Amino acid sequence: MTPLLAQAQESMTRAELLADDPLWLILMKAVVLMLVGPILTVVLIVGERKIVGRMQNRPGPNRVGPFGMLQSIADAIKLPFKEQVIPDTADRKVYFLAPVIAVVPALIGLAAIPFGPEVSIFGERTVLQLVELPVSVLLVLAGASVGVYGIVLAGWASGSPYPLLGGMRSAAQVISYEIAMGLAIIGVALYAQSLATGDIVEAQASGWYFYLLLPSFVIYLISMVGETNRAPFDLPEAESELVGGFHTEYSSMKFAMFFLAEYTNMVIVSAFATTLFLGGWMFPFVGLDSPLNQGWWPVLWFFAKMAVLLFGFIWLRGTLPRFRYDQFMKLGWKVLVPAGLVWLVLIALVRAIRNDGNVSTGQILVIGGIAIVVVVLLTLLIPEKRVEDDDSVPITGGGHPVPPLDLKVPETTPRSKALKAKAKSAKRTAALASTKEGSDGDL
Amino acid sequence: MTQSALFLAQAGAEATVSTGEAISFWVLGPIAVAGALGMIFARNAVHSALWLVLTMLSLGMLYLIQQAPFLGFTQIIVYTGAIMMLFLFVLMMVGRESSDSVVEVLRGQRLTAAVLGIGVAGVLAGALTRALTDVTPAPPLDPWSPEGGGAGGLGRLIFTDYLFPFELTSALLITAGMGAMVLTFTDRHAKTGKRSQRELVVARFRGEYERPSPKPGPGVFATSNSVATPALLPDGSVAPESLSELIESTSAARLEAERKQVTGETPQPDAHALVGSEQDAAKSAEAEREDGDR
């Protein structure tokens with residue numbers, strides 16, 4: 001109870017600082033935050049193309065600007081001026097609305113992310129965060145859940161089968177993976193005893209949650225890739241199956257908006273992961289009062305951590321093949337959600353024991369260790385699954401063509417015969433030539 | 001519970017509606033009502049669902065403005081994000097053109113609906129009159145403290161004073177989930193279960209299905225790459241399965257303009273011109289107008 005109150009007290013100061021912001025400062029922060037998404041999108045697109053190019057042994061874009069670094073700017077200028085093609089069967093109102101619905105929540109999400117500690121902007125003390133709510137974590141989640149509407153409606157409004165399939169996949173995907181993501185976040189909330197992002201970062205001063213809550217972190221990482229429809233979970237836009245998925249029928253500016261939404265969502269989930277698990281704006285191994293954690297430096301640490309996660313996204317795309325849809329659902333419902341639930345119960349248990357106060361960390365570790373050993377021993381007692389052992393070798397129908405057991409491999413092959421014949425004829429001609437030469441000599 | 005009651009009792013005396021709250025109410029309230037009306041009157045089921053989403057979002061906003069951010073975001077995540085999304089999902093599965101059937105399936109449906117409708121109208125009217133006459137504004141909440149409506153206080157109430165209703169609700173939800181699973185479960189190993197891919201292949205060759213192979217695709221010839229081109233059988237006759245029903249049933253008049261364009265009967269712009277001649281522009285404008293009229 002006491003830590004909860006103490007943290008509430010601290011966050012009051014953080015929230016109060018934000019509440020004191022004059023209007024110009026709020027507007028300035030809002031504009032900067034609005035720009036973070038699009039600017040990072042531009043950087044990410046060219047970065048992704050270059051990095052994936054390097055991973056596949058090709059140069060990537062290298063024409064526009066030095067090392068092709070201005071490629072996305074050229075694309076960004078080009079896209080809005082392309083022709084808009086609107087399908088005849090499209091539901092026009094929803095068709096126009098969908099890209100907007102996809103983009104706007106994505107741009108809102110960054111508002112609740114703390115980018116740094118207390119700083120002074122033009123003499124005004126403030127916190128590098130647009131808004132601090134007691135439940136800012138939910139703001140990010142709500143943004144994600146509304147953003148899916150954009151994709152689903154785009155798929156439906158296009159009035160053609162492939163986009164519809166993409167939209168349906170996306171809906172199912174996001175709903176399933178939001179559950180796993182929520183479970184991972186609950187673990188953090190239980191440990192930090194708060195749903196406010198600023199508090200969660202400050203609660204990590206004693207240790208970042210990515211190693212304290214490793215299972216939560218892993219579940220979050222997987223589900224964040226699923227949530228943003230990125231490879232290997234990019235089933236809603238699987239180009240080998242669905243042409244372009246939900247945005248097949250979109251062109252010009254509206255297509256650009258979907259692009260913007262996708263990359264901004266990547267930025268948001270990475271920023272969120274940084275906040276929840278990687279200590280937010282804090283520098284590793286130093287206390288909150290170290291000069292490295294004061295002033296504007298933390299913004300750099302924050303973006304560095306985020307860049308690592310974004311690189312991970314690109315790395316995944318360059319490495320892994322796309323999941324099949326049923327495998328993907330199986331992973332979500334049969335692995336991530338149960339694992340998240342079990343882990344959640346464990347966390348709650350540990351917290352309950354901790355809050356009792358009579359038990360030390362050592363005791364928890366010892367008892368936990370004993371419990372794990374017992375569980376491992378119990379699993380050893382489970383009889384191994386019998387594999388039917390028959391000597392028959394599958395002749396056909398094993399899924400892979402296998403030659404029959406009594407296959408006679410001929411000693412000679414047509415090729416070896418031909419080779420032999422060739423060698424023979426060569427020898428004969430050589431012999432003929434030599435006899436000719438010899439007879440010549442005789443003469 | 002006692003704490004929150006205390007809190008409510010303390011601040012209840014001189015709470016008023018602030019200007020900001022009033023403004024946001026008069027902005028969001030009409031939007032919510034418009035959404036509800038749109039939901040009822042929209043012809044298309046998906047549009048209907050979208051109007052309802054608008055209502056739910058504005059309700060969520062109202063909660064946020066009234067210092068209940070947890071409730072507001074939960075509303076957005078759970079209702080807008082999950083439940084309406086599932087609804088949309090089902091609507092899309094059913095198809096966009098499906099219209100309501102007007103046949104009464106349940107006996108006495110209209111009578112029951114009328115009685116219930118009148119009842120709901122009465123309740124609404126009562127609530128409205130009460131809201132307009134003798135409701136004192138609630139004190140502003142403080143979402144930062146568990147006692148003032150924060151998530152912590154809510155959780156404590158759920159797991160202490162309201163544990164039994166909470167457990168009942170969860171039992172209800174679990175029952176519903178189990179019911180859905182039981183109803184949709186198909187045992188693959190049962191006799192009537194779903195066939196595996198291999199069993200399907202065998203069954204197809206045994207003649208249990210129409211044909212062992214997939215239907216032939218459209219023929220693609222040197223003169224045309226249209227999907228309407230039929231595939232030809234070895235004897236040169238048209239394979240009837242390769243004809244697309246969709247294309248066959250599209251009226252020829254609708255495709256006439258495109259056909260003309262493809263065959264080159266329409267005047268082409270000069271190869272060197274950047275834009276078509278003015279005559280073409282006028283023609284195409286006219287065609288567009290006709291399109292719009294139709």
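This section describes a predicted model of a complex of chains A and B. The predictor assigns the complex an ipTM of 0.72 and a pTM of 0.72.

Chain A contains 15 helices and 2 strands. Its radius of gyration is 31 Å, well over the 22 Å that the globule rule gives for 443 residues, so chain A is more spread out than a compact globule. Taken along the principal axes, the box filled by the C-alpha atoms of chain A is roughly 120 × 70 × 55 Å. Of the 443 residues in this chain, 38% count as buried. Among the contacts of chain A between residues at least 6 apart in sequence, 77% join residues at least 24 apart.

Helix 15 of chain A spans residues 414-442 and includes A:Pro414. With 8 other C-beta atoms within 10 Å, A:Pro414 is exposed, because the criterion for exposure is 12 or fewer such atoms. A separation of 70 Å lies between the C-alpha atoms of A:Pro414 and A:Leu300, which are 114 residues apart along the chain.

For chain B, an unreviewed UniProt entry places the feature "transmembrane region" at residues 23-42, 49-66, 72-91, 111-132 and 162-185. In the model, residues 23-42 of chain B are 95% helix and 0% strand, with the end C-alpha atoms 28 Å apart. Residues 111-132 of chain B are 100% helix and 0% strand, and here the end C-alpha atoms are 31 Å apart.

The contact between the chains takes 23 residues from chain A and 19 residues from chain B. On the side of chain B that touches chain A, the elements giving two or more residues are helix 4 (69-94) and helix 6 (151-159) of chain B. Helix 4 of chain B gives the most to this side, with 12 residues. By class, the side of chain B that touches chain A comprises 14 nonpolar and 5 polar residues, and no charged residues.

Confidence within chain B was also examined. The mean pLDDT of chain B is 77, and 74% of its residues score at least 70. Among the elements of chain B, the highest mean pLDDT, 91, belongs to helix 7 (residues 163-184), whereas the lowest, 44, belongs to helix 1 (residues 2-11). The pLDDT is below 50 over residues 1-13 of chain B, a stretch that has 11 contacts in the model beyond near neighbours in sequence. Where pLDDT is low, predicted coordinates should not be read in detail.

Conventions:
Residues numbered from 1 in each chain as written. Chains lettered and ligands numbered in written order. Predicted model: local features only at pLDDT ≥ 70, side-chain atom pairs only at ≥ 80, totals over all residues. Contact = placed C-beta atoms within 7 Å. Helix = DSSP H or I, 4+ residues; strand = E, 2+ residues; numbered from the N terminus. Nonpolar A, V, L, I, M, F, W, Y, C, P; charged D, E, K, R; others polar. Rg over C-alpha atoms; globule rule 2.2 N^0.38 Å. Buried ≥ 20, exposed ≤ 12 C-beta atoms within 10 Å, placed from the backbone. UniProt positions renumbered as here; feature names shortened; annotations may be inferred. pLDDT = per-residue confidence, 0-100.
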